[in-house]
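I opened the model to follow up the annotated sites. My entries are below.

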Amino acid sequence: MRFEMLYAKIHRARVSDANINYVGSITIDKQLCEAVGLLEGMKVDVVNVNNGARFSTYVMLGESGSGVVCINGAAARLACVGDVVIIIAYASMEADEAKAYKPKIAFVDESNHLLQQ
């Protein structure tokens, strides 16, 4: 049996831009993605702490160290610049793997730069 488990999370990032005219996705600072193991094209859920919206999309890598967290396409209607979001990725795992796996979680400051953990 396989289980959908928390793989990685970027906790309480701030939306730096919202671009309704893009064809979809979320652009995330490459450094943040690397810190938690998010890959370009990986499916993620985005939870907006400010308004409760929750949506799924895929990752696009932004400039490393830029702090970018840009909501693109139709989802840009679900978040405003400055909103706090949680970006979550899941992985399908066998029971033994799931028991041993430790999710990668990144905490960020108000500019979306990694905090010491």
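I began with Tyr58, which I found in strand β5, residues 54–62. I kept in mind that this is a predicted model.

**Entry 1. Active site**

I looked up the UniProt record. Its unreviewed entry puts the feature "active site" at Ser25 and Tyr58. The two are spread over 34 residues of sequence, yet they cluster in space, with a largest C-alpha distance of 5.0 Å.

Tyr58 is partly exposed, at a relative accessible area of 35%. Ser25 has a relative accessible area of 2%, so I logged Ser25 as buried. Ser25 sits in strand β3, which covers residues 25–29.

I then listed contacts, leaving aside neighbours within four places in sequence. Tyr58 is in contact with Val23, Gly24, Ser25, Ile26, Gly41, Met42 and Lys43. For Ser25 I noted Thr57, Tyr58, Met60, Cys70, Ile71 and Asn72.

**Entry 2. Binding site**

Which residues does UniProt list for "binding site"? Its unreviewed entry gives Thr57, Gly73, Ala74 and Ala75. These are spread over 19 residues of sequence but cluster in space, and the largest C-alpha distance is 10.4 Å.

I placed Gly73 in the loop between β6 (69–72) and β7 (84–94). Ala75 is found in the loop between β6 and β7. Is Gly73 buried or exposed? Gly73 has a relative accessible area of 1%, so it is buried. Ala75 is buried at 16%; the cut-off for buried is under 20%.

Beyond four places in sequence, Gly73 is in contact with Asn19, Ile20, Tyr22 and Gly24.

I moved along to Asp83, located in the loop between β6 and β7. Asp83 is buried yet has no salt bridge. How far away is the nearest side chain of opposite charge? That side chain is Arg14, at 7.6 Å.

I looked for a polar partner instead. The side chains of Asp83 and Asn48 are joined by a polar contact of 2.9 Å. Outside four places in sequence, the contacts of Asp83 are Ala13, Arg14, Val15, Asn48, Asn50 and Asn51.

**Entry 3. Val15**

Val15 was on the contact list of Asp83, and I followed it up. Val15 lies in the loop between β1 and β2 (17–19). Its relative accessibility is 2%, so Val15 counts as buried.

Not counting residues up to four places away in sequence, Val15 touches Val69, Ile71, Ala79, Cys80, Val81, Gly82, Asp83 and Val85. I also took one distance. The C-alpha atoms of Val15 and Asn51 are separated by 13 Å, and the two are 36 residues apart along the chain.

In soluble globular proteins, nonpolar side chains tend to be buried together.

Leaving out neighbours within four places in sequence, Ile28 is in contact with Ile10, Cys33, Leu38, Val59, Met60, Leu61, Gly62, Val68 and Ile87.

Terms used: Residues are numbered from 1 along each chain as its sequence is written. This is a predicted model: local features need pLDDT of at least 70, side-chain atom pairs count only at pLDDT 80 or more; totals for chains, interfaces and linings use all residues. Side-chain values use heavy atoms; hydrogens and water are left out. UniProt positions are given in the numbering used here, feature names are shortened, and annotations may be inferred rather than shown by experiment. Helices (H or I, at least four residues) and strands (E, at least two) are DSSP runs, numbered from the N terminus. Buried means under 20% relative accessible area, exposed over 50%, partly exposed in between (1.4 Å probe, protein chains only). Contact means heavy atoms within 4.5 Å. Lys and Arg count as positive and Asp and Glu as negative; His and the chain ends are not counted. A salt bridge is a side-chain nitrogen of Lys or Arg within 4 Å of a carboxyl oxygen of Asp or Glu. A polar contact is a pair of N or O atoms within 3.5 Å; within protein, one must be able to donate a hydrogen and the other to accept it, and residues adjacent in sequence count only if both atoms are side-chain atoms.
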